[in-house]
Amino acid sequence: MSTPPPRALLYGDVDLNIIDGSAIWAQSMAEALAAAGCEVTLLLKAPVHTDRLVEPLTRTPGVRLLRPHEDKMLSDVGPRGLTPEQAVGLMTAQHARKPFDLVVVRGRRLASLAAQEKTLSGRLWTYLTDVPHSVGELTATSTAELTEIALASRFLLCQTEELRAFLESTVPAVCGRAVLFPPVVVVPEGLSADGEIHARARLAYTGKFAPLWNTLEMTELPEVLGRRGVDAEVVMIGDKIHSDPAEWAKRMRRALENTPGVDWRGGMSRAEALRRSAECGFGLSWRDPAMDAVLELSTKVLELGALGLPVVLNRTPMHEALLGADYPLFAGDDVDSVADVIARAHTDRAVYADAASRCRRAAADHTLERAAERLRGYLAEALPSAPAGANPARPLKVVVAGHDMKFFTRLTEYLDALPGVEVRVDEWEGLSTHDQYRSRELAAWADVVVCEWCGPNALFYARWKRADQRIIVRLHRFELYAEWPRKLDIDKIDAVVCVSPHYADLTRELTGWPENKVVVVPNWVDDEQLARPKLAGTEYSLGMIGIAPSRKRLDRGLDVLAELRRMDPRYTLSIKSKQPWDYWWIWSRPEERSYFERVYRRIQRDEHLASGVVLDPFGPDVATWLRRVGFVLSTSDDESFHLAPAEGAASGGVPALLPWPGADTIYDPHWIHDDAVAMAEAIHATVVEGRFTAEADRARNEVVGVYGLQRVRGLWTDLIVHGEHPDPAGVSAATAGA
């Protein structure tokens with residue numbers, strides 16, 4: 001029996017009668033979802049007055065248009081279309097009639113209302129645009145609103161890496177949910193600019209006419225270029241003129257209608273606008289400097305680039321990342337600067353060809369095919385296939401029980417999303433504090449119980465185990481030396497999970513449990529979330545995640561940094577961690593307090609360290625933080641696994657470890673160094689010999705191949721659903737790299 005296609009409901013708080021970036025997004029998203037294999041229902045905001053954007057969708061297989069105005073689904077729709085409240089009401093009604101697998105929304109007010117609907121929570125794929133773009137714009141209200149939206153969303157779709165990084169750094173709930181979905185460019189097959197420099201410079205602008213878009217200033221370009229000896233014409237396509245301020249709107253219309261050298265074509269279909277733009281020689285996307293901080297990428301830049309047109313635009317970090325810092329058509333704040341770069345490219349064939357080539361390459365990653373590929377990946381993540389042998393008619397009932405779920409939450413969410421598996425969580429208030437009546441009910445209900453931590457929770461569920469039930473216990477370093485493992489009736493436990501071979505051996509040695517009961521399922525790294533472009537200069541940046549308690553040995557990390565800074569002062573060490581005084585159980589110990597006082601005094605007084613150590617706040621935005629870290633250090637006395645070096649490797653960095661017990665059973669010995677001096681020398685040699693990229697590629701391949709999220713989830717699924725123990729030979733990067 002074939003699986004039906006995912007059902008997607010799509011709504012943007014945008015009017016598809018008006019051609020602008022928002023409306024183009026709605027059309028492109030519908031096409032991309034359909035290309036990804038979804039059955040798409042597009043809810044229209046406004047009655048259709050012109051079908052320039054809607055008509056192509058009527059011919060797109062897999063797309064159905066929902067017209068609430070024409071179909072009289074509401075009696076009180078105003079001339080400007082649905083309000084956000086009305087739209088959310090219609091969306092929930094449609095979902096109640098026949099549930100959707102995903103609900104894609106655009107518009108902050110709309111998303112905020114949708115997030116409050118319990119039936120839509122967890123199904124929302126929220127496309128974030130109209131959000132604060134700087135810390136100064138954030139308020140307590142907007143942060144709370146974005147937090148609520150994030151918690152209700154399966155994914156937050158971000159246009160750019162810059163927007164994702166900003167949101168993750170300021171709204172913790174966004175972390176782990178934000179994924180990239182850049183603008184989609186659809187160019188008719190075979191359509192392209194001729195790439196030639198013609199006698200007359202024809203400049204193309206498409207979109208809305210608004211003050212911050214510098215559209216009024218663009219109408220001055222024919223005259224300004226004429227003074228430079230360049231015959232020029234500006235072709236302006238669009239019919240949406242912002243009415244605020246009213247006097248500006250009048251001036252804009254007069255300029256469009258009466259300025260010599262300005263050819264205003266009005267509104268037209270997207271395909272026709274592209275055809276007219278392809279007849280030009282340059283694209284215009286030059287905006288007011290007030291928009292330089294915007295973290296969204298203009299679809300028009302990519303569309304014009306896909307045609308092969310060199311585009312004039314502002315110099316911003318985002319545009320430099322897209323086109324290169326030396327892109328020749330970055331303009332300044334005034335019309336003269338725009339005319340200067342156009343005149344230069346118009347008279348120099350090499351400059352023109354270079355700019356056009358860069359724009360075309362930048363657009364290549366934004367095709368409909370690439371968008372559909374991204375969406376298929378997100379669909380596979382959100383809607384996993386049923387495990388082999390699972391029966392949706394009789395789901396496997398799984399209870400996850402424990403007092404601290406932070407290490408297991410992602411796996412719990414994944415298991416709960418599997419068809420044929422039903423998950424309930426028994427979250428204890430403390431190690432020994434829980435609702436005994438609820439726990440008894442869950443013990444009677446479950447087919448499989450997963451105890452996160454080998455503590456009183458494991459003792460409780462072992463006591464109430466049925467003969468037809470399986471219990472799996474995950475044991476951490478914390479419990480190994482406590483009393484609970486010695487009280488556990490191991491005969492009632494089907495598997496005890498340790499995260500590394502070393503701790504599995506130690507567990508068998510200290511408890512005497514049968515060898516076949518103790519299995520290794522390693523920690524996971526979210527390799528997809530961590531795979532982000534590194535910032536410039538990261539090869540000179542070391543990083544440590546978590547420095548408390550003292551056995552993490554920050555002092556050794558400082559030894560490495562001091563040695564490196566004697567070789568090259570560019571090396572720095574960034575520390576992302578809570579401070580020791582944030583943990584009462586650490587700061588109350590005199591030996592711990594004395595240790596950290598010595599370490600911080602050393603940082604203050606050592607000239608090699610004082611300007612080379614950066615203390616970053618603790619938080620879940622690790623993926624963003626790792627973009628500026630090249631080497632992740634592990635200098636501890638002991639670890640059960642130590643995820644940080646693996647996360648660093650998955651992010652495109654290089655792990656560097658000291659030989660704590662068991663390190664060589666988790667990581668390839670290639671990354672393990674005898675002492676701080678040897679580590680520093682290896683790091684410096686990697687940098688000065690130009691091997692950083694090659695070493696980072698090797699590390700990522702090793703780590704993702706063994707500890708990647710998809711693989712580790714597969715091991716847990718086999719263990720929970722089928723009772724299959726993992727192969728001991730395939731659970732460490734040390735053996736994978738051998």
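Analyst: Arg553 sits in the loop between β20 and α23, where helices (H or I, at least four residues) and strands (E, at least two) are DSSP runs numbered from the N terminus. Before we go on: this is a predicted model, where local features need pLDDT of at least 70, side-chain atom pairs count only at pLDDT 80 or more, and totals for chains, interfaces and linings use all residues. Residues are numbered from 1 along each chain as its sequence is written, and side-chain values use heavy atoms, with hydrogens and water left out.

User: What is the phi of Arg553?

Analyst: Near 60 degrees, a positive value in a residue other than glycine. Most residues other than glycine have a negative phi, and most peptide bonds are trans.

User: Why does His642 count as buried?

Analyst: Buried means under 20% relative accessible area, exposed over 50%, and partly exposed in between (1.4 Å probe, protein chains only). His642 has 9% relative accessibility, so it counts as buried. His642 also has a positive phi of about 60 degrees, although it is not a glycine, and its place is the loop between β23 (631-634) and α27 (643-650).

User: And why is Lys98 called partly exposed?

Analyst: Because its relative accessible area is 48%, and partly exposed runs between the buried and exposed cut-offs. Lys98 is in the loop between α3 (84-97) and β4 (102-106).

User: Which residues does the cis peptide bond with omega of about 5 degrees join?

Analyst: Ala548 and Pro549. Pro549 is in the loop between β20 (541-545) and α23 (554-567). Another cis peptide bond, with omega about 0 degrees, joins Asp244 and Pro245.

User: What makes a set of residues a nonpolar core?

Analyst: They must be buried Ala, Val, Leu, Ile, Met, Phe, Trp, Tyr and Cys residues joined through side-chain atoms within 4.5 Å. The largest one here has 62 residues, and Leu542, Val560, Leu633 and Ile683 touch the most other members. A second, separate core of 59 residues includes Leu216, Met268, Val312 and Leu329.

User: How do the residues lining the second largest pocket divide?

Analyst: Into 17 nonpolar, 16 polar and 15 charged. Ala, Val, Leu, Ile, Met, Phe, Trp, Tyr, Cys and Pro count as nonpolar, Asp, Glu, Lys and Arg as charged, and the others, Gly among them, as polar.
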